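Have the coordinates open as you read.

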Amino acid sequence: MAPKVPESVLKKQATQAKLADQAKQASYEAKQKKRQDKKDAIASAEKYAAEYKAAEDAAIANRRQAKVQGGFYVPAMPKLALIIRIRGTIGVSPKAKKIMQLFRLRQIHNATFVRLNESTIRMLRLIEPYVTYGFPTRQTVEKLIYKRGFGKLNKQRIPIADNSVIEEGVGSVGIKCCADLIHEIATVGPNFKEANNFLWPFKLTSPRGGFSSKTKLIHFLEGGEAGNRGEEINKLVKRMI
């Protein structure tokens, strides 16, 4: 006659079997979700690539049409700016210091994206001696997020190693992968504020070749480094990544 198994052991075995089934089911669901998320990310990237190409083709067509008609094609005003802090805290006025805090530029060589409107343009003019800014291309936005991108989760600086970090941070507003995040920032979409607040300020290095100590405090238009440099910001970012 086989020895009788104690009831407590049977209960423990039943609980362990139940937990094992639950873990197996959770693992299967996680794999399915990962597979589906990958498909969605690829579909989003393809959709955005087609959208970018259509916009570029439209701009080329408009330029050609204007040339044929003997006029000039004036593109729309940029809606996005990238600001880089190039000076420390010595000699900064309280008003400029407050504006830089609002733009989250607390350290030298910090960089952030800003939506351009009347009020932000006015604020940028007040801090021009301490920062340089311009209009980043989509490729620059992409490089910054891929190479220097960190997200804010529970007030912590988390590297954007995969799409799960983005989904956890801004998935509630429909931004679930890197392609969504880049598109939202580059096009200044309806959820730009949430996407930009999720991104931790970029920590860039000193530019290769450095800033000249003689021209660092002079405006860019006068041969210096500070202030608005328009499209030239993309070349500077390339040297600082």
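Start with lysine 235, which is exposed at 54% relative accessibility (buried means under 20% relative accessible area, exposed over 50%, partly exposed in between, with a 1.4 Å probe and protein chains only). Lysine 235 pairs with glutamate 232 in a salt bridge, with 3.5 Å between the closest N and O atoms; the term means a side-chain nitrogen of Lys or Arg within 4 Å of a carboxyl oxygen of Asp or Glu. Glutamate 232 itself is partly exposed, at 33%. Elsewhere, salt bridges with shared partners tie Glu56, Arg138 and Glu142 into one network. By this rule, the count comes to 8 salt bridges.

A quick word on ground rules: this is a predicted model, where local features need pLDDT of at least 70 and side-chain atom pairs count only at pLDDT 80 or more, while totals for chains, interfaces and linings use all residues. Residues are numbered from 1 along each chain as its sequence is written, and side-chain values use heavy atoms, leaving out hydrogens and water.

Now for helix H1 (residues 7-68), where lysine 53 and aspartate 57 sit 4 residues apart, about one turn of the helix. Their side chains meet in a salt bridge at 3.2 Å, N to O. Lysine 53 is exposed at 52%, whereas aspartate 57 is partly exposed at 37%.

Helix H3 (residues 118-126) has glutamate 118 and arginine 122, again 4 residues apart and so separated by about one helical turn. Their closest N and O atoms are 2.9 Å apart in a salt bridge. Glutamate 118 is exposed at 62%, and arginine 122 is partly exposed at 48%.

Notes. Helix = DSSP H or I, 4+ residues; strand = E, 2+ residues; numbered from the N terminus.
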